[in-house]
Amino acid sequence: MEYKLAPSLLSADFGIVKEQLEIMEKAGAPYIHLDVMDGVFVPNISFGMPVLKSLRKYTNMVFDAHLMIVEPERYVEELAKIGCDIINIHVEATKNPKEVISKINSLGVKSGITIKPATPVSAIYDVLSDVDMVLVMSVEPGFGGQKFMPEQLDKVRELKKIKDEKGYKYDIQIDGGITLDNVREVIEAGVNCVVAGSSVLGKEDIGKAVKDFNSIFEEY
Ligand code: DX5
Ligand code: ZN
């Protein structure tokens, strides 16, 4: 099993973000997790198209876009066009998630579906055969630096069981409050793609933080 670290851009220093991307890529982080927020779906605003478009020129990291916006179907085409490799929508954000996932798949990029802490796995049963990634939120979406909710791991276990039984292809991602101290627990529950904001970009030595996560992944 291959484990992937996805540092979250939300915790970047945007004055030196190009350098930070270079350091993380060189240290061995394959993904950059991009939290797009609209101030409506979540009570915060982050960054959007112009920022992502600029950054695309400076890194080969996989662009993993986590859309915390209402009616994400309005923007999936443009996000694919500017170079997002994975477009991940919240099931709670749209009336017809299955249709939006199929639209994303038709754009030739990978698709993802996300569930908030209060949303059960049953809310996404009908899209599990169609997605490349399922993201389980382990904090309320909107802000970095919150405390990990361990009870969310039951949903990870359920998703792993369904994946193995049905032979589905999706990666299982977790997002929120992940640290070097709890990452083993999430891997053991079935996660293979780990988002980390404060635990990587919030650190003094971000290259070391990436390497520390990767050396834990090597234990498995
Ligand atoms: C929260 C975002 C996260 C956030 C995680 O809504 O989806 O990706 O950046 O930050 P940490 O790892 O600090 O909890
Ligand atoms: Zn996120």
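Select His 33 and ligand 1: an oxygen atom of the ligand is 3.4 Å from an N or O atom in the His 33 side chain. This is a polar contact, meaning a pair of N or O atoms within 3.5 Å; within protein, one must be able to donate a hydrogen and the other to accept it, and residues adjacent in sequence count only if both atoms are side-chain atoms. The model is predicted: local features need pLDDT of at least 70 and side-chain atom pairs count only at pLDDT 80 or more, while totals for chains, interfaces and linings use all residues. Residues are numbered from 1 along each chain as its sequence is written, chains are lettered from A and ligands numbered from 1 in the order in which they are written, and side-chain values use heavy atoms, with hydrogens and water left out.

At Gly 142 the contact comes from a backbone N or O atom, 2.6 Å from an oxygen atom of ligand 1. In total 20 residues surround the ligand, Ser 8 and Gly 197 being among the closest; a residue counts if one of its heavy atoms lies within 4 Å.

Next, select the zinc ion (ligand 2). Its protein donors are His 33 (NE2), Asp 35 (OD), His 66 (ND1) and Asp 175 (OD), at 2.0 to 2.3 Å. Donors are N, O and S atoms within 2.8 Å of the metal (3.2 Å for Na, K and Ca); water is not among the atoms, so sites may look incomplete. Why is the arrangement octahedral? The 6 donor atoms around the zinc ion subtend angles of 70 to 167°, and six count as octahedral if opposite donors are over 155 degrees apart and all others between 65 and 115.

Strands (E, at least two residues) and helices (H or I, at least four) are DSSP runs, numbered from the N terminus. Asp 35 counts as buried because its relative accessibility is 4%, and His 66 is buried at 0%; buried means under 20% relative accessible area (1.4 Å probe, protein chains only).

Finally, select strand β8 (residues 193-196). Cys 193 and Val 195 point one way, Val 194 and Ala 196 the other, and all are buried. Strand β1 (residues 4-7) pairs with β8 in the parallel sense over 4 bridges; two strands pair if DSSP finds at least two bridges between them. Leu 5 has Val 194 in β8 as its bridge partner.

Methods: Four donors count as tetrahedral if all angles lie between 85 and 135 degrees; four count as square planar and six as octahedral if opposite donors are over 155 degrees apart and all others between 65 and 115; anything else is irregular. Buried means under 20% relative accessible area, exposed over 50%, partly exposed in between (1.4 Å probe, protein chains only).
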